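Have the structure open and follow along.

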Amino acid sequence: MVGEAGERRHLLDVDDLAPEDLERVLETARSFSEVMRRPIKKVPSLRGKTVVNLFYEPSTRTRLSFEVAAKRLSADVLNFTATTSSVEKGESLKDTALTLRAMGVDAVVIRHPVAGAPWLLRRWLDVTVLNAGDGMHAHPTQALLDLFTMRERLGDLEGKTIAYVGDILHSRVARSGFKACLAMGMKVLAVAPPTLLPPVVPEGVEVSYDLDEVIPRCDVLYMLRVQKERLLEGRFPSPQEYSRFYQLNMERLKAARPGVVVMHPGPMNRGMEISSEVADAPHAAVNAQVAAGVAVRMAVLFLLLGTGERGD
Ligand code: NCD
(Lines give C-alpha, C1' and ligand atoms only; values in the text may rest on other atoms or scores of the structure.)
Protein backbone atom coordinates (compact mmCIF):
# COMPACT_ATOMS: atom_id res chain seq x y z
CA MET A 1 0.00 0.00 0.00
CA VAL A 2 2.78 2.42 0.85
CA GLY A 3 4.56 3.02 -2.45
CA GLU A 4 7.69 4.88 -3.40
CA ALA A 5 7.52 8.67 -3.22
CA GLY A 6 5.13 9.97 -5.85
CA GLU A 7 3.74 6.51 -6.69
CA ARG A 8 -0.04 6.03 -6.61
CA ARG A 9 -1.21 3.91 -3.76
CA HIS A 10 -4.09 1.45 -3.95
CA LEU A 11 -5.89 -1.19 -1.93
CA LEU A 12 -6.96 -3.98 -4.27
CA ASP A 13 -6.46 -6.97 -1.99
CA VAL A 14 -4.97 -7.82 1.37
CA ASP A 15 -1.66 -8.76 -0.29
CA ASP A 16 -1.12 -5.07 -1.08
CA LEU A 17 -0.40 -4.66 2.61
CA ALA A 18 2.95 -5.60 4.08
CA PRO A 19 2.70 -6.76 7.75
CA GLU A 20 3.70 -3.28 8.96
CA ASP A 21 0.98 -1.72 6.76
CA LEU A 22 -1.60 -4.05 8.30
CA GLU A 23 -0.55 -2.89 11.76
CA ARG A 24 -0.62 0.74 10.67
CA VAL A 25 -4.18 0.39 9.34
CA LEU A 26 -5.38 -1.26 12.56
CA GLU A 27 -3.64 1.34 14.76
CA THR A 28 -5.00 4.24 12.72
CA ALA A 29 -8.48 2.70 12.79
CA ARG A 30 -8.29 2.52 16.54
CA SER A 31 -7.58 6.22 16.79
CA PHE A 32 -10.45 6.98 14.39
CA SER A 33 -12.82 4.85 16.43
CA GLU A 34 -12.05 7.28 19.28
CA VAL A 35 -12.96 10.20 17.01
CA MET A 36 -16.31 8.48 16.46
CA ARG A 37 -17.07 8.60 20.15
CA ARG A 38 -16.74 12.39 20.18
CA PRO A 39 -19.77 14.68 19.85
CA ILE A 40 -18.27 16.14 16.64
CA LYS A 41 -17.18 13.19 14.56
CA LYS A 42 -15.33 15.00 11.83
CA VAL A 43 -11.67 15.74 11.11
CA PRO A 44 -10.39 17.91 8.26
CA SER A 45 -7.72 15.47 7.00
CA LEU A 46 -9.07 15.01 3.45
CA ARG A 47 -10.50 18.48 2.87
CA GLY A 48 -10.39 19.27 -0.84
CA LYS A 49 -10.17 15.60 -1.91
CA THR A 50 -12.93 13.92 -3.91
CA VAL A 51 -13.83 10.26 -3.45
CA VAL A 52 -16.19 8.48 -5.86
CA ASN A 53 -18.18 5.42 -4.82
CA LEU A 54 -18.65 3.39 -8.01
CA PHE A 55 -21.07 0.57 -7.19
CA TYR A 56 -22.17 -1.90 -9.86
CA GLU A 57 -23.67 -4.33 -7.32
CA PRO A 58 -26.17 -3.80 -4.54
CA SER A 59 -24.65 -2.90 -1.19
CA THR A 60 -25.85 -1.26 1.97
CA ARG A 61 -23.14 -1.58 4.60
CA THR A 62 -20.07 -1.23 2.43
CA ARG A 63 -21.31 1.72 0.39
CA LEU A 64 -22.71 3.60 3.37
CA SER A 65 -19.62 3.04 5.47
CA PHE A 66 -17.26 4.20 2.73
CA GLU A 67 -19.46 7.26 2.35
CA VAL A 68 -19.57 8.02 6.07
CA ALA A 69 -15.82 7.39 6.37
CA ALA A 70 -14.94 9.81 3.57
CA LYS A 71 -17.33 12.46 4.91
CA ARG A 72 -15.90 12.21 8.43
CA LEU A 73 -12.51 12.94 6.92
CA SER A 74 -14.07 16.02 5.21
CA ALA A 75 -13.65 14.67 1.66
CA ASP A 76 -16.27 15.38 -0.99
CA VAL A 77 -18.14 12.22 -1.91
CA LEU A 78 -19.85 11.33 -5.18
CA ASN A 79 -22.07 8.27 -5.33
CA PHE A 80 -22.45 6.45 -8.59
CA THR A 81 -24.77 3.47 -8.72
CA ALA A 82 -25.15 1.41 -11.86
CA THR A 83 -28.95 1.71 -11.98
CA THR A 84 -29.04 5.53 -11.84
CA SER A 85 -26.23 6.20 -14.28
CA SER A 86 -25.37 5.81 -17.94
CA VAL A 87 -24.50 2.16 -17.29
CA GLU A 88 -28.21 1.60 -17.91
CA LYS A 89 -27.61 3.11 -21.34
CA GLY A 90 -24.76 0.69 -21.99
CA GLU A 91 -21.75 2.75 -20.99
CA SER A 92 -18.68 0.60 -20.46
CA LEU A 93 -16.54 0.59 -17.33
CA LYS A 94 -13.73 2.12 -19.34
CA ASP A 95 -15.81 5.09 -20.54
CA THR A 96 -17.10 5.67 -17.03
CA ALA A 97 -13.51 5.58 -15.79
CA LEU A 98 -12.42 8.12 -18.39
CA THR A 99 -15.30 10.40 -17.38
CA LEU A 100 -14.12 10.23 -13.78
CA ARG A 101 -10.58 10.96 -14.84
CA ALA A 102 -11.70 14.03 -16.73
CA MET A 103 -13.49 15.24 -13.59
CA GLY A 104 -10.28 15.09 -11.56
CA VAL A 105 -11.32 12.82 -8.70
CA ASP A 106 -8.71 11.63 -6.19
CA ALA A 107 -9.96 8.13 -5.36
CA VAL A 108 -12.40 5.59 -6.71
CA VAL A 109 -14.03 2.99 -4.49
CA ILE A 110 -15.31 0.25 -6.77
CA ARG A 111 -17.63 -2.71 -6.29
CA HIS A 112 -18.16 -4.80 -9.41
CA PRO A 113 -19.61 -8.24 -10.22
CA VAL A 114 -16.61 -9.10 -12.39
CA ALA A 115 -13.45 -10.33 -10.65
CA GLY A 116 -10.50 -8.14 -11.56
CA ALA A 117 -12.48 -4.97 -12.42
CA PRO A 118 -10.55 -2.85 -9.85
CA TRP A 119 -7.26 -3.92 -11.47
CA LEU A 120 -8.55 -2.68 -14.83
CA LEU A 121 -9.48 0.66 -13.28
CA ARG A 122 -6.00 0.98 -11.84
CA ARG A 123 -4.63 0.60 -15.37
CA TRP A 124 -6.97 3.14 -16.91
CA LEU A 125 -7.01 5.80 -14.22
CA ASP A 126 -4.26 7.59 -12.51
CA VAL A 127 -6.10 7.88 -9.18
CA THR A 128 -6.12 5.78 -6.02
CA VAL A 129 -8.34 2.69 -6.42
CA LEU A 130 -9.96 0.86 -3.50
CA ASN A 131 -11.61 -2.50 -4.05
CA ALA A 132 -14.98 -2.71 -2.27
CA GLY A 133 -15.62 -6.26 -3.56
CA ASP A 134 -15.03 -7.74 -7.04
CA GLY A 135 -17.07 -10.78 -8.04
CA MET A 136 -16.13 -13.83 -6.02
CA HIS A 137 -12.57 -12.61 -5.73
CA ALA A 138 -11.55 -10.11 -3.04
CA HIS A 139 -12.93 -7.74 -0.40
CA PRO A 140 -9.94 -6.33 1.45
CA THR A 141 -11.64 -3.71 3.63
CA GLN A 142 -13.99 -6.39 4.95
CA ALA A 143 -10.98 -8.50 5.95
CA LEU A 144 -9.41 -5.50 7.70
CA LEU A 145 -12.54 -4.59 9.63
CA ASP A 146 -12.88 -8.22 10.65
CA LEU A 147 -9.32 -8.22 12.02
CA PHE A 148 -10.07 -5.00 13.88
CA THR A 149 -13.24 -6.50 15.41
CA MET A 150 -11.47 -9.72 16.45
CA ARG A 151 -8.63 -7.76 18.06
CA GLU A 152 -11.12 -5.71 20.08
CA ARG A 153 -12.73 -8.88 21.41
CA LEU A 154 -9.78 -11.28 21.65
CA GLY A 155 -6.62 -9.17 21.92
CA ASP A 156 -3.58 -10.62 20.15
CA LEU A 157 -4.72 -12.89 17.32
CA GLU A 158 -1.58 -14.99 16.96
CA GLY A 159 -2.44 -18.66 17.54
CA LYS A 160 -6.21 -18.04 17.72
CA THR A 161 -8.49 -20.27 15.62
CA ILE A 162 -11.12 -19.03 13.17
CA ALA A 163 -13.53 -21.14 11.13
CA TYR A 164 -15.14 -19.64 8.03
CA VAL A 165 -18.39 -21.58 7.68
CA GLY A 166 -20.69 -21.98 4.69
CA ASP A 167 -20.66 -20.68 1.15
CA ILE A 168 -16.90 -20.35 0.78
CA LEU A 169 -17.01 -21.05 -2.95
CA HIS A 170 -18.76 -17.74 -3.75
CA SER A 171 -17.19 -15.72 -0.97
CA ARG A 172 -14.78 -12.87 -1.60
CA VAL A 173 -15.06 -12.21 2.15
CA ALA A 174 -13.50 -15.61 2.89
CA ARG A 175 -10.87 -15.29 0.16
CA SER A 176 -9.53 -12.00 1.52
CA GLY A 177 -10.19 -13.12 5.10
CA PHE A 178 -7.99 -16.22 4.73
CA LYS A 179 -5.04 -14.06 3.71
CA ALA A 180 -5.58 -11.54 6.49
CA CYS A 181 -6.01 -14.15 9.23
CA LEU A 182 -3.00 -16.18 8.08
CA ALA A 183 -0.94 -12.98 8.04
CA MET A 184 -1.85 -12.44 11.70
CA GLY A 185 -0.67 -15.96 12.60
CA MET A 186 -4.16 -17.38 13.11
CA LYS A 187 -5.17 -20.98 12.50
CA VAL A 188 -7.74 -20.93 9.70
CA LEU A 189 -10.43 -23.51 8.92
CA ALA A 190 -12.83 -23.67 5.99
CA VAL A 191 -16.02 -25.52 6.91
CA ALA A 192 -18.61 -26.26 4.23
CA PRO A 193 -20.30 -29.03 2.29
CA PRO A 194 -17.93 -30.19 -0.48
CA THR A 195 -20.12 -28.50 -3.13
CA LEU A 196 -19.62 -25.06 -1.51
CA LEU A 197 -15.84 -25.26 -1.29
CA PRO A 198 -13.52 -23.94 -4.00
CA PRO A 199 -11.43 -26.60 -5.79
CA VAL A 200 -8.29 -25.23 -4.15
CA VAL A 201 -7.95 -23.55 -0.76
CA PRO A 202 -4.83 -21.56 0.13
CA GLU A 203 -1.94 -23.32 1.78
CA GLY A 204 -2.36 -23.29 5.54
CA VAL A 205 -6.18 -23.45 5.48
CA GLU A 206 -7.61 -26.67 6.93
CA VAL A 207 -10.79 -28.03 5.33
CA SER A 208 -13.58 -29.73 7.25
CA TYR A 209 -17.11 -30.81 6.31
CA ASP A 210 -18.16 -31.24 9.92
CA LEU A 211 -19.26 -28.09 11.76
CA ASP A 212 -20.04 -29.95 14.99
CA GLU A 213 -16.52 -31.32 15.22
CA VAL A 214 -14.97 -27.89 14.57
CA ILE A 215 -17.03 -25.69 16.92
CA PRO A 216 -15.29 -26.56 20.24
CA ARG A 217 -11.88 -25.74 18.74
CA CYS A 218 -12.68 -22.17 17.62
CA ASP A 219 -12.21 -18.69 19.03
CA VAL A 220 -14.13 -17.20 16.10
CA LEU A 221 -17.03 -18.67 14.12
CA TYR A 222 -17.38 -16.67 10.92
CA MET A 223 -20.72 -17.45 9.30
CA LEU A 224 -20.98 -16.69 5.60
CA ARG A 225 -24.16 -15.77 3.79
CA VAL A 226 -25.51 -18.40 1.43
CA GLN A 227 -25.31 -16.34 -1.76
CA LYS A 228 -28.57 -17.10 -3.48
CA GLU A 229 -27.76 -14.64 -6.27
CA ARG A 230 -24.61 -16.56 -7.20
CA LEU A 231 -25.80 -20.02 -6.34
CA LEU A 232 -26.16 -22.48 -9.19
CA GLU A 233 -28.85 -25.08 -8.79
CA GLY A 234 -28.10 -28.23 -6.89
CA ARG A 235 -25.24 -27.30 -4.57
CA PHE A 236 -27.29 -28.58 -1.66
CA PRO A 237 -30.66 -30.35 -1.55
CA SER A 238 -32.71 -27.69 0.29
CA PRO A 239 -32.45 -24.82 2.77
CA GLN A 240 -33.64 -27.20 5.51
CA GLU A 241 -30.90 -29.67 4.69
CA TYR A 242 -28.29 -26.88 4.66
CA SER A 243 -29.35 -25.46 8.00
CA ARG A 244 -29.54 -28.91 9.59
CA PHE A 245 -25.80 -29.38 9.06
CA TYR A 246 -24.33 -25.88 8.79
CA GLN A 247 -26.55 -23.39 10.62
CA LEU A 248 -25.13 -21.88 13.78
CA ASN A 249 -28.01 -22.19 16.26
CA MET A 250 -28.24 -22.07 20.08
CA GLU A 251 -27.82 -25.82 20.38
CA ARG A 252 -24.53 -25.72 18.49
CA LEU A 253 -23.37 -22.56 20.27
CA LYS A 254 -23.53 -24.48 23.57
CA ALA A 255 -20.63 -26.62 22.38
CA ALA A 256 -18.45 -23.54 21.71
CA ARG A 257 -15.83 -21.99 23.99
CA PRO A 258 -17.37 -19.51 26.46
CA GLY A 259 -15.80 -16.41 24.89
CA VAL A 260 -16.38 -17.46 21.28
CA VAL A 261 -16.95 -14.58 18.85
CA VAL A 262 -19.63 -15.04 16.19
CA MET A 263 -19.20 -12.96 13.07
CA HIS A 264 -21.07 -12.39 9.81
CA PRO A 265 -20.36 -9.85 7.05
CA GLY A 266 -24.05 -9.13 6.46
CA PRO A 267 -26.58 -9.22 5.06
CA MET A 268 -27.64 -12.21 7.20
CA ASN A 269 -30.14 -14.83 6.11
CA ARG A 270 -31.61 -15.40 9.56
CA GLY A 271 -32.81 -18.98 9.81
CA MET A 272 -30.44 -20.15 7.09
CA GLU A 273 -26.73 -19.90 7.99
CA ILE A 274 -27.41 -18.37 11.42
CA SER A 275 -30.44 -18.62 13.70
CA SER A 276 -32.10 -15.42 14.81
CA GLU A 277 -31.27 -16.15 18.48
CA VAL A 278 -27.57 -16.50 17.73
CA ALA A 279 -27.59 -13.36 15.58
CA ASP A 280 -28.91 -11.44 18.59
CA ALA A 281 -26.80 -13.22 21.25
CA PRO A 282 -24.00 -11.37 23.06
CA HIS A 283 -21.42 -13.54 21.27
CA ALA A 284 -22.40 -11.98 17.96
CA ALA A 285 -20.11 -9.14 16.87
CA VAL A 286 -22.14 -8.18 13.82
CA ASN A 287 -22.86 -4.60 14.92
CA ALA A 288 -19.28 -4.18 16.11
CA GLN A 289 -18.19 -5.21 12.61
CA VAL A 290 -20.33 -2.46 11.09
CA ALA A 291 -18.88 0.15 13.46
CA ALA A 292 -15.37 -1.13 12.74
CA GLY A 293 -16.14 -0.78 9.03
CA VAL A 294 -16.34 3.00 9.33
CA ALA A 295 -13.15 3.33 11.42
CA VAL A 296 -11.16 0.99 9.18
CA ARG A 297 -12.31 2.66 5.96
CA MET A 298 -11.43 6.05 7.45
CA ALA A 299 -7.97 4.65 8.22
CA VAL A 300 -7.47 3.26 4.74
CA LEU A 301 -8.64 6.45 2.99
CA PHE A 302 -6.50 8.54 5.32
CA LEU A 303 -3.37 6.45 4.75
CA LEU A 304 -3.85 6.30 0.98
CA LEU A 305 -4.89 9.90 0.36
CA GLY A 306 -3.85 11.95 3.34
CA THR A 307 -0.76 13.98 3.85
CA GLY A 308 -0.17 12.35 7.23
CA GLU A 309 -1.67 15.27 9.19
CA ARG A 310 -4.91 14.38 10.89
CA GLY A 311 -5.65 18.03 11.45
CA ASP A 312 -7.61 17.74 14.71
C1 NCD B 1 -20.39 -9.19 1.61
C2 NCD B 1 -20.15 -8.93 0.15
O3 NCD B 1 -20.86 -8.17 -0.49
O4 NCD B 1 -19.20 -9.53 -0.34
N5 NCD B 1 -21.16 -8.24 2.27
C6 NCD B 1 -20.65 -7.03 2.60
O7 NCD B 1 -19.69 -6.54 2.04
N8 NCD B 1 -21.25 -6.42 3.62
C9 NCD B 1 -20.85 -10.55 1.88
C10 NCD B 1 -22.12 -11.01 1.27
O11 NCD B 1 -22.76 -10.32 0.48
O12 NCD B 1 -22.50 -12.14 1.58
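α5 and α11 each supply at least two residues of the second largest pocket's lining (helices are DSSP runs of H or I, at least four residues, numbered from the N terminus). This is a predicted model, in which local features need pLDDT of at least 70, side-chain atom pairs count only at pLDDT 80 or more, and totals for chains, interfaces and linings use all residues. Residues are numbered from 1 along each chain as its sequence is written, and side-chain values use heavy atoms, without hydrogens and water.

**Exercise 1.** Describe the lining of the second largest pocket.

*Solution.* Start with the term: on a 1 Å grid over the protein atoms alone, a pocket is an open set of points where a 1.4 Å probe fits, with protein on both sides within 12 Å along at least five of seven lines; lining residues have an atom within 4 Å of a point. Next, list residues: F148, E152, R153 and A295 are among them. Then check the domains: domain 1 (14–135 + 291–305) and domain 2 (140–281) each give at least three residues, with bounds from an automatic or database domain assignment.

**Exercise 2.** Locate the largest pocket relative to the two domains.

*Solution.* First, find the centre: of 28 lining residues, R111, R172, R225, G266 and P267 lie nearest. Second, note the elements giving two or more residues: α2 (61–72), α5, α6 (172–183) and α11 (286–305). Here α11 gives the largest share, five residues. Finally, both domains contribute to the lining, so the largest pocket lies between them.
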